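Thanks for coming, everyone. Please bring up the model on your screens and follow along as I go.

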Amino acid sequence: MTEKPVQGFAGLWNISFGFFGIQIGFALQNANMSRIFQTLGGSLDDLSYLWVAAPLTGLLVQPIIGHYSDRTWTRFGRRRPYFFAGAVLAALALFVMPEAKMLWLAALTLWVLDASVNVSMEPFRAFVGDMLRKDQHTAGYALQTAFIGAGAVVGSIFPFVLAHLGVSGDALAGVPDTVRYSFWFGGAALLLAVLWTVGNTREYSPEQMASFAESDRDEAHSAPVRALASRGFATSIAWIVAGIAVIVAVPELALQKEVYLLGALLVAYGGASLAAIVLARAGNGGNALSQIVGDFAAMPSVMKRLALVQFFSWSALFIMWIFTTPVVAQYMYGSSDAASAAYNAGSDWVGVLFAVYNAVAALVALLILPRLARRIGRVKTHIACLLCGAAGFASFLMVRDPTLLIVSEVGVGIAWASILAMPYAILASSLPQAKLGIYMGLFNIFIVLPQLLVATLMGSVLKAFFPTEPIWTMAFAAIVMILAALAMLRVPEVPDKFA
C-alpha cells in the first residue's frame with residue numbers, strides 16, 4: 001500500500017473552499033426560514049412541521065449520493081460532478097426562495113434547496129478523506145469547519161448589515177428586502193465557491209485510489225450484501241410494527257399530525273429492508289437498495305458509537321435553528337408578532353448571534369482543535385467542546401439582555417466547531433477507503449433522524465406543555481447536548497497518525 005501525498009495549505013484550502021459557499025446558503029436558510037414562514041402566515045407550533053422537508057430530504061439523498069459517488073469515475077472526477085450539480089440547483093433555489101408569496105411555495109422551495117445542498121455537501125465529506133492521509137484528517141476537517149464557520153458568518157449577518165446600510169427590513173408587504181437581497185447574494189457565492197474547488201482540485205484516478213486502499217474494493221462492496229442475505233426478517237418486521245404503533249398513537253395521544261411522518265418513515269424503512277433482504281437472497285445484491293441497507297446493517301463499531309453522539313448533538317442544534325428566532329424576539333425584544341418592528345429587530349439580532357457562534361467555530365477550528373486533539377486526543381476534545389455547548393444553551397434560560405447572548409453563543413460555537421470536525425476525523429480514519437462515500441452518507445442519517453424527531457415531536461411537546469413559552473426548548477437543547485458528551489465516553493480513541 002502506498003501513501004497519499006502530503007497536502008500543503010494551498011491544497012487543503014482548495015479541497016474545502018467550496019464548503020464556504022455551501023455554508024453561506026445553509027446559514028441563510030437556518031437563520032431566516034422561520035422568519036419567512038411566520039411572515040407568510042405560519043404559526044409558532046407549525047414551524048417544526050414546515051421545517052420537516054429539510055431533514056427528510058437529507059435522510060433520502062445523502063446515502064444515495066454517497067453510494068453512487070463511491071462508484072462514479074468520470075473524466076470530471078469522482079465527487080466533483082456532484083459538487084457542481086448540487087451547487088447549480090441550490091443557487092437557483094436561493095434566487096427563487098425570497099420570491100415565494102405563499103407558505104406552501106416557501107416550504108417546497110426549502111425542500112428543493114435542502115436536496116440540492118445535500119447533493120453537494122455529502123461528497124465534500126468523503127472528498128477530504130479521499131484526498132488526505134490519515135495524519136492530515138484532523139487538519140483537513142478542521143479547515144473545512146473553518147470555512148463552514150466563515151461562510152455561516154457571512155450568511156447569518158448579511159441581512160443585519162443590509163438593514164444598517166438602509167435596506168428596508170419591512171415585512172408588511174412580504175419577505176423583507178434585507179432577506180431577499182441576502183438570498184440572491186448567497187446563491188451567487190455558493191456557486192462561485194464550489195466552482196473554485198471543482199476547478200482547482202484534481203482527484204486521484206481509480207488506479208491510484210486502489211493503491212491507497214486498505215482493503216480489497218470488491219470485497220468491501222460485496223461483504224455487507226452477503227451478510228444481508230443471511231439475515232432473517234424479524235428486525236424488518238419490527239420496524240414496520242413500530243411505525244404502525246406510532247401512527248396509531250397520533251390520534252390516541254392527540255399528537256401533532258406531523259408525527260404521522262415519523263411512523264411512515266419507520267414503516268418505509270422496514271419495507272425497504274425486507275425488499276433488500278429478498279433481493280440479496282435471490283442473488284441480486286448489486287442493486288443500490290441492497291447495497292445501502294447492507295452497509296447500514298454492517299456499520300463498523302466506531303461508527304455505531306459515534307452515531308449516538310451525533311443523534312444527541314444534532315437534536316440540540318436543530319432545536320436552536322428552529323426556535324432561536326421566536327425565543328429572542330419574544331423574551332429579549334418583547335414581541336411574538338412576525339409583522340412587528342420589534343420581532344424583525346429580534347430576527348436581525350438572531351442573524352448576528354448565529355454569525356457569532358460560527359465565527360467562534362471558525363477560529364476554534366483553525367487555532368485550537370488540531371492542537372488540542374494532538375495533546376489530549378480527539379475523543380476528550382469533543383467531550384469538552386460539547387459541554388461548552390450545553391452551557392451556552394442553558395444560559396438562554398437566565399439571560400434577558402440580547403447583547404449578553406453573545407457569551408452564550410461562544411459556548412455554542414465551541415461545540416459547533418468540534419461537531420463539524422472531530423466525528424468526521426475519527427470516522428474517516430476508521431473506514432475502508434472504498435466505502436467512504438456511502439458510510440459518510442449513512443453517518444449523516446444520524447444527523448437527520450434527530451432533526452426529524454425534533455420537527456415531528458417538538459411541536460407536540462411545545463403545544464402540550466408550554467404553548468406560549470418557547471424558551472424551554474433551550475433547556476431541551478442543553479440536556480441532549482450533555483447526553484452527547486456522555487455518549488462520547490464510549491468512543492475509542494483513533495490515533496491521529498498514518499498507520
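Start with α7 and α15, which are roughly antiparallel to each other. In angle terms, under 35 degrees counts as roughly parallel, over 145 as roughly antiparallel, 65 to 115 as roughly perpendicular, and the rest as oblique. Here the two helices cross at roughly 160°, and their axes come within 7 Å. An axis is a line fitted to C-alpha atoms, for helices over the stretch in contact, and angles run from 0 to 180 degrees between N-to-C directions. α15 covers residues 341-367. α7 covers residues 137-164. The crossing of α7 with α15 is left-handed. Left-handed means that the near helix is turned anticlockwise from the far one by less than a right angle; clockwise would be right-handed. By class, the residues of this contact are 20 nonpolar, five polar and one charged. Ala, Val, Leu, Ile, Met, Phe, Trp, Tyr, Cys and Pro count as nonpolar, Asp, Glu, Lys and Arg as charged, and the others, Gly among them, as polar.

A word on where this comes from. This is a predicted model: local features need pLDDT of at least 70, side-chain atom pairs count only at pLDDT 80 or more, and totals for chains, interfaces and linings use all residues. Residues are numbered from 1 along each chain as its sequence is written, and side-chain values use heavy atoms, with hydrogens and water left out.

Stay with α7, where we find His-137. Is His-137 buried or exposed? His-137 is buried, at a relative accessible area of 3%. Buried means under 20% relative accessible area, exposed means over 50%, and partly exposed is in between, with a 1.4 Å probe and protein chains only. Which residues does His-137 touch, not counting those up to four places away in sequence? They are Gly-129, Leu-132, Arg-378, Ala-425, Ala-428 and Ser-429. Contact here means heavy atoms within 4.5 Å.

Next, the whole chain. How many helices and strands are there? The chain has 21 helices and zero strands. Helices (H or I, at least four residues) and strands (E, at least two) are DSSP runs, numbered from the N terminus. The chain has 499 residues, and 60% of them count as buried. Take the contacts with a separation of 6 or more: 82% of them join residues 24 or more positions apart. The accessible surface is about 18300 Å², and 70% of that belongs to carbon and sulfur atoms. Those areas come from the Shrake-Rupley method with a 1.4 Å probe; for residues, only the protein chains shown count as cover.

Helix α5 (residues 80-96) packs on helix α6 (residues 103-131) at about 150°, with the axes 8 Å apart. That makes α5 roughly antiparallel to α6. Their crossing is left-handed. α5 brings residues including Tyr-82, Phe-83 and Gly-86, and α6 brings residues including Val-112, Pro-123 and Phe-127. The contact of α5 with α6 has 15 nonpolar, four polar and no charged residues.

From α1 come Trp-13, Asn-14, Ile-15 and Ser-16; from α8 come Trp-196, Thr-197 and Asn-200. This contact of α1 with α8 has three nonpolar, four polar and no charged residues.

Look again at Trp-13, in α1. Trp-13 is partly exposed, with 33% relative accessible area. Apart from residues up to four places away in sequence, Trp-13 touches Leu-143, Phe-147 and Trp-196. Trp-13 and Leu-143 are 130 residues apart in sequence, yet 7.4 Å apart in space, C-alpha to C-alpha.

Last, some buried spots. Helix α13 (residues 288-297) is largely enclosed by the rest of the structure, because seven of its 10 residues are buried. Among them are Ile-292, Val-293 and Phe-296. Ser-315 sits in helix α14 (residues 301-331). Ser-315 counts as buried, at 8% relative accessibility. Beyond its neighbours within four places in sequence, Ser-315 contacts Pro-450, Val-454 and Val-480.

Ala-434 lies in the loop between α18 (405-428) and α19 (436-443). Ala-434 is buried too, at 7%. Ala-434 and Arg-71 are 363 residues apart in sequence, and their C-alpha atoms are 8.8 Å apart in space.
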